[in-house]
Amino acid sequence: AQLDTLDIVVLVALLLASVAYFTEGTYWAVRKDPYASSYANGSASKAEKSRDILETMDKSGKNCVVFYGSQTGTAEDYASRLAKEGSSRFGLKTMVADLEEYDYDNLDKFPDDKVAMFVLATYGEGEPTDNAVDFYEFITGQDVSFSEGGGAEEKPLSTFKYVPFGLGNNTYEHYNSMVRNVNKALEKLGGSRIGAAGEGDDGAGTMEEDFLSWKEPMWSALTQSMELEEREAVYEPAFEVTEKPDMDAEDDMVYLGEPNKNHLEGASKGPYNAHNPYIAPIVESSEIFKVENRNCLHMEIDIGGSNLTYTTGDHVAVWPTNAGKEVDRFLNVLGLASKRHMVIAVKGLDPTAKVPFPSPTTYDAAVRYHMEICAPVSRQFVSMIAQFAPNESIKAEMTKIGSEKDYFVEKVSSQHLNIAQLLEILGKGEKWTAVPFSLWIEGIHKIQPRYYSISSSSFVQKDRVSVTAIVESVEIPGAPHVVKGVTTNYLLALKQKQHGDPHPDPHGLDYAITGPRNKYDGIHVPVHIRHSNFKLPSDPSTPIIMVGPGTGVAPFRAFVQERAAQAKAGENVGKTMLFFGCRKKMEDFIYENEWKEYKEALGDKFELVVAFSRDGPQKVYVQHKLKEHAEEVNNLLQQKGFFYVCGDAANMAREVNTVLAQIIATQRGIPESKGEEIVKAMRASNQYQEDIW
Ligand code: FAD
């Protein structure tokens, strides 16, 4: 999976209602403004924060708001970039806004000398992201009503100018449905769209280029519509970064990587959620296979006593720490290595600029714990940095890379470089000291927790979640660096430490394993739980068919573990059929021995079908095996069996969908189109569930 797929990544059939249900509303209450009470030096404090967007814009002198509907930060990042560009190139007074932080019933009062932009990721099966649900329901609702009875009017948004851009993935059926539906709804309400509705496609890997080619004509249209004048882009920092040489990094009010105030002030307190991780002990860890550069981890994380709960099929989110090697590289190339422990205070330069991490902190802590420094580089960001290059020839090269698509591919993306690696290569020993630190904060994503499908059953071990993860290591022939996954290599280091490895840092990555102020010592990792509705049927006698190659088997280990325990407890368990695929029997056949144990408990009720893609002359995949078992698969579905797919979203899940439609068609003697319709209906009724990434 690519990093930038995160926004459109699928937690399929994630019903927000179920999140609210499982968390009894606490999640919603807390997530409204995660940092307001926890960041020492955040921007706008809660007290002065209004949910009235017009009032906020007026008070802060803004004429352009860029709203984002973002799940994991990508849409938020694009929104910031649009805001930045609007301000530096066109003199717009821009602000970025989280959709869930405002109300929309006064958009009919939005004056025509202002503009609202929407950067909207589509999530799961065409759903809005969590933070966009309320807005989406409001704007697409049957009877949208505005504050002063605007809903009664035919075109209540006649003065509303808007600009839409969507982030989607064409591998999914509901491609970019969020931006499409919002655009339709705004049009219907009389809003005037400026330029075309943009659609970025992560499935084709063209998100960045789609964005870049969409925005130029949009800016021209906006320039005309708002009578703007383009000027030479001048960088205007969004944050003020003040060094505090008189402060000591060890001072107890300085954040050294603690995620919020609660953590800074000692033993952290719950409720633990997406804004407040639980520092959980890892009670067991092992490598369940290891071949050359591929290895797979199994970890048992204890959530007992935290008040965190999970049910089989949920996800655990792991909060990563950047590798020391990359933190060093980044600070070195910026010329900050010698003052990495300098205390800095970061503050938004206007009340709408949100500081993405708590302050005061240090350069080291901000980079290590809060900035996604290893991610792929965006071409636009290269252009922005070019003006601060150490000398004219480097600046010329940076400008060329930033402006020429093919050259960018050749020099950067085909090499899988991260930003510091690129600057190191281009700088040839020169440091990039002229780049304001504010630009790094603005241009680099906030580090994102990574999700893992919990591979244990809550029925069997309610206080322990298991993770099954492949350690990411991608070697591009001819490229100067091997891409090492941020989180999985951190987990590998934790595992090595736990096993007393004398060199607990894989590949010299050198993680700060004991965390800020040694708070993670004793092998702990910050986590939270994300509830999903990828769930077993409530009746254990319902048959299930699971398709999970590679680590896609993670939640199915949990499913089978649960059913084996139920069978042992004397329950009537239905047919439990698992299609697993891997490369070679002797190499990466994970949990091979456990399947045998479950088979003992479940007997004929459990059937494991395995596809090995590299063991014979022909590549055999799970979908081939499904076809071989067509009759049985169809029979189980006709007995109202549930069908589950987990793992690779790009190819496998789609092919399994197609193959299943074919199986249904041939087995039932109906046309293939009818088979497809049946699969669609199964999805709609939750008889077909996906957990893909
Ligand atoms: P990252 O650092 O995020 O890198 C990921 C990939 O991005 C790299 O391999 C590389 O291809 C690309 N990349 C990174 N940096 C660059 C660069 N500079 N240039 C170009 N490309 C780059 N994974 C599991 O193993 N098991 C699971 O059970 C599991 N369940 C999941 C469930 C859900 C709902 C989701 C969304 C994901 C799940 N994943 C699972 C995937 C997991 O969340 C992580 O994405 C994965 O472990 C990689 O994380 P990482 O931080 O190690 O790698």
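Reply: Contact means heavy atoms within 4.5 Å, and helices (H or I, at least four residues) and strands (E, at least two) are DSSP runs numbered from the N terminus. This is a predicted model, in which local features need pLDDT of at least 70 and side-chain atom pairs count only at pLDDT 80 or more, while totals for chains, interfaces and linings use all residues. Residues are numbered from 1 along each chain as its sequence is written, and side-chain values use heavy atoms, with hydrogens and water left out.

Me: What makes α11 mostly covered, and which elements do its buried residues pack against?

Reply: Buried means under 20% relative accessible area, exposed over 50% and partly exposed in between (1.4 Å probe, protein chains only). By that rule 7 of the 8 residues of α11 are buried, namely R379, Q380, F381, V382, M384, I385 and A386. These buried residues pack against α4 (74-90), α7 (207-225), α12, α13, α14 and α15.

Me: Why is the pair of F589 and F612 called edge-to-face?

Reply: A pair of aromatic rings is described by the distance of the centres and the angle of the planes. Rings of Phe, Tyr and Trp (its six-membered ring) pair if their centres lie within 6.5 Å, and planes under 30 degrees apart count as stacked, over 60 as edge-to-face and the rest as tilted. The structure holds 34 aromatic pairs. For F589 and F612 the centres are 5.7 Å apart and the planes stand at 75°, so the pair is edge-to-face. The pair links distant parts of the chain, with F589 in the loop between α18 (585-588) and α19 (592-602) and F612 in strand β21 (residues 606-612), 23 residues apart.

Me: How do you know that F589 and F612 are buried?

Reply: F589 has a relative accessible area of 13%, and F612 has a relative accessibility of 19%, so both values fall under the limit given above and both residues count as buried. In the pair of F642 and Y644 the ring centres are 6.2 Å apart and the planes at 40°, so this pair is tilted; F642 and Y644 are buried as well.

Me: What makes R557 count as sitting over the ring of Y591?

Reply: A charge sits over a ring if NZ of Lys or CZ of Arg is within 6 Å of the ring centre and within 35 degrees of the ring normal. The charged end of R557 is 4.9 Å from the centre of the Y591 ring, and K400 lies over the face of Y407 at 4.3 Å from the ring centre.

Me: What makes a set of residues a nonpolar core, and which residues touch the most other members of the largest one?

Reply: A nonpolar core is a set of buried Ala, Val, Leu, Ile, Met, Phe, Trp, Tyr and Cys residues joined through side-chain atoms within 4.5 Å. The largest has 46 residues, of which F330, M371, I385, I419, W432, F437 and W440 touch the most other members. Apart from it lies another core, of 33 residues, among them I301, A323, I523 and I529.

Me: Is N322 buried or exposed, and where does it lie?

Reply: N322 has 0% relative accessibility, so it counts as buried, and it lies in the loop between β11 (315-318) and α9 (324-333). Not counting residues up to four places away in sequence, N322 touches residues including V327, R368, C374 and Y511.
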